[in-house]
Amino acid sequence: MMKRLYLDELKEGLPGISKTVGAFLVEAAVVCLTAQNHQPGVHIRLSGNYEATFELFWRDEITEQIRKTWKDEKEAAEYGASAIAILVLLALTKFVISERGVQMGVADYLLTTRENNANLSNLKSPSAHLEVSGIWKEHPKNTINMRLNAKEKQVKKAIEAGETVLIIVTEFGIPKAKIKWYNYEYH
């Protein structure tokens, strides 16, 4: 059975993401998806260290005011990609967002492990980094692999230091995403 991802879950917040920011990320993702004529239930293909296809669902309707708010496609794609990356992270790994990354460009988000999926309040100290990037629509001069390579260079020191780093790049045109992790054992 295909796994399902529900954008609306982010509106409930996470240890390192408030409900308001969760709703902000969801709105950006829905703008990106609906602008590409995708509907709830669209399949998003994940490649890289993990291969899967997910069904992606949301309830938000995009109004003209929301479209005007997200007129900057690059910004919308970056924040929308964060929503997708966080859901993929929660679906596939032992990690949860502990806080927004502020360590001199090392990561967009700091991660911590969960004791179990049912109790996100029982957290350990930050133990990994998540780097995210989004593409409105892929073209020959801006591909998922190009973005992934740029992100790898950005976090090279953390990888070489043996830190756990996850990179997730999302493209909204198809939609698809690619995940690459370093110093992490998938369970």
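Author: Let's start with T20, which sits in helix α1 (residues 19–35). This is a predicted model, so local features need pLDDT of at least 70 and side-chain atom pairs count only at pLDDT 80 or more, while totals for chains, interfaces and linings use all residues. Residues are numbered from 1 along each chain as its sequence is written, and side-chain values use heavy atoms, leaving out hydrogens and water.

Reader: Why is T20 called exposed?

Author: Its relative accessible area is 63%. The cut-offs are under 20% for buried and over 50% for exposed, with partly exposed in between (1.4 Å probe, protein chains only), so T20 counts as exposed. In the protein, 51% of the 187 residues count as buried.

Reader: What makes α1 roughly perpendicular to α3?

Author: The axes of α1 and helix α3 (residues 73–92) come within 7 Å and cross at roughly 110°. Axes are lines fitted to C-alpha atoms, for helices over the stretch in contact, with angles running from 0 to 180 degrees between N-to-C directions. Under 35 degrees is roughly parallel, over 145 roughly antiparallel, 65 to 115 roughly perpendicular and the rest oblique, so α1 is roughly perpendicular to α3.

Reader: Which residues of α1 and α3 make the contact?

Author: On α1, they are F24, L25, V26, A28, A29 and C32; on α3, they are A76, A77, Y79, G80, S82, A83 and I86. Contact means heavy atoms within 4.5 Å.

Reader: How do you know that D8 and R59 form a salt bridge?

Author: Their closest N and O atoms are 3.3 Å apart. A salt bridge asks for a side-chain nitrogen of Lys or Arg within 4 Å of a carboxyl oxygen of Asp or Glu, so the pair of D8 and R59 qualifies. D8 is in the loop between β1 (3–6) and α1, and R59 is in the loop between β3 (52–57) and α2 (64–69), 51 residues apart.

Reader: Is D8 buried or exposed, and what makes you say so?

Author: D8 has a relative accessible area of 11%, so D8 is buried. R59, at 67%, is exposed.

Reader: What does the salt bridge between E138 and K176 tie together?

Author: The closest N and O atoms of E138 and K176 are 2.7 Å apart. E138 lies in the loop between β6 (128–135) and α4, and K176 in strand β8 (residues 176–182), so the pair joins parts that are 38 residues apart in sequence. E138 is partly exposed at 25%, and K176 is buried at 15%. The whole structure holds nine salt bridges.

Reader: Why does E171 have no salt bridge?

Author: E171, in strand β7 (residues 164–171), is buried, and the nearest side chain of opposite charge, K176, is 5.5 Å away. Lys and Arg count as positive and Asp and Glu as negative, while His and the chain ends are not counted.

Reader: Which backbone nitrogen lies 2.8 Å from a polar atom of the side chain of E171?

Author: That of I174. Leaving aside neighbours within four places in sequence, E171 is in contact with I135, W136, K137, E138, I144 and K176.

Reader: What makes F95 buried?

Author: F95, in strand β4 (residues 95–100), has a relative accessible area of 2%, so F95 counts as buried. Its contacts beyond four places in sequence include L89, L111, S127, T164 and Y184.

Technical notes
Helices (H or I, at least four residues) and strands (E, at least two) are DSSP runs, numbered from the N terminus. A polar contact is a pair of N or O atoms within 3.5 Å; within protein, one must be able to donate a hydrogen and the other to accept it, and residues adjacent in sequence count only if both atoms are side-chain atoms.
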